[in-house]
Amino acid sequence: MLTGSCLCKGVAYEVDAVPGAIVHCHCETCRKTHGSAFSSVSSVPRDKFRWTRGKELLSSYESSSGKFRHFCSRCGSHIVAERTNRDTVLLRLGCLDTPILERPKLHMWRSESASWFDPKDQLPEFPEAPPLRVRHFEPRLGLFPVLPRRYIASCRAPKLALSFFLHISAAIGGLNFAPL
Ligand SMILES: [Zn+2]
Ligand SMILES: [Zn+2]
């Protein structure tokens, strides 16, 4: 059994089925809907799906003819989508609460991908939020492994010199310095 819920937990569902193939959809509609680079979805049979809580909180948006995207009107989470002419429901996997072993199979609608995202990019990972120093600093620049991006753009020598000084001092002082 799979269970899922929205951000405010007001809406919840159950599914008596294993998830279908997991795909990442990069289409513009999914990007706009979720405010992110892509939406991760998996289909399940409609007759195995049921709302268990908060159906009265649900709203839906018909993003294309016959395709309804259902979301919580209180917190805005997009929970499932469905096409009226199909007997499946598309689970928005970010709302799934059950841990699953299945892994995504493919990316689709890459022709409409965000310009700033490429799934082939290898990015550093952190178990939780990275230190602010890492988040706001430029990782690679010759002899100076970390430089504030805004100072690079400003070209103001005194400020840049101060930035170098502060950075090197922090690095020597061992203040959470972790070159990427
Ligand atoms: Zn909600
Ligand atoms: Zn899509």
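Me: What is the strand order of the open sheet of seven strands, and how is the pairing described?
Reply: The model is predicted. In it, the order is β6-β7-β8-β9-β4-β3-β10, and the pairing is mixed.

Me: What makes β6 and β10 edge strands?
Reply: Each has a single partner strand, so one side of each is left without a neighbour in the sheet.

Me: Why do β8 and β9 count as paired?
Reply: The cut-off is at least two bridges. β8 and β9 are joined by two bridges and run antiparallel, so they pair under that rule. V80 stands opposite L91 in β9.

Me: What makes up the largest nonpolar core?
Reply: The core has 21 residues. Those with the most contacts inside it are I79, V80, L90 and L91. Elements giving two or more residues to this core include β7 (67–72), β8 (78–83) and β9 (88–92). The others that do so are β2 (12–15), β3 (23–25) and β4 (39–45). In soluble globular proteins, nonpolar side chains tend to be buried together.

Me: Which residues does L91 touch, leaving out those up to four places away in sequence?
Reply: L91 touches G4, P19, V41, S42, V44, V80 and L96. V80 is also its opposite number in the strand pairing.

Me: What is the order of the open sheet of three strands?
Reply: The order is β1-β2-β5, with antiparallel pairing. β1 and β5 (49–53) are at the edges, each with a single partner strand, so one side of each lacks a neighbour in the sheet. The twist averages 25° from one strand to the next.

Me: How do you know that β2 and β5 pair?
Reply: Four bridges join them, running antiparallel. The rule asks for at least two, so they qualify. One bridge sets A12 against R53 in β5.

Me: Why is K9 called partly exposed?
Reply: K9 has 14 C-beta neighbours inside 10 Å. Buried needs 20 or more and exposed needs 12 or fewer, so a count in between is partly exposed. K9 lies in the loop between β1 (2–5) and β2. Its phi is near 70°, a positive value in a residue other than glycine. Most residues other than glycine have a negative phi.

Me: Why is W109 put in the partly exposed class?
Reply: W109 has 17 other C-beta atoms within 10 Å. W109 is in the loop between β10 (106–108) and α2 (132–136). W109 also has a positive phi, of about 60°, although it is not a glycine.

Me: Where does pLDDT stay under 50, with 12 contacts beyond four places in sequence?
Reply: One such stretch is residues 141–147. Another is residues 172–180. Where pLDDT is low, the predicted coordinates should not be read in detail. For the chain, pLDDT averages 85, and 74% of the residues score at least 70.

Note on methods. Residues numbered from 1 in each chain as written. Chains lettered and ligands numbered in written order. Predicted model: local features only at pLDDT ≥ 70, side-chain atom pairs only at ≥ 80, totals over all residues. Core = buried A, V, L, I, M, F, W, Y, C linked by C-beta atoms within 7 Å. Contact = placed C-beta atoms within 7 Å. Axes fitted to C-alpha atoms, helices over the stretch in contact; angles between N-to-C directions. pLDDT = per-residue confidence, 0-100.
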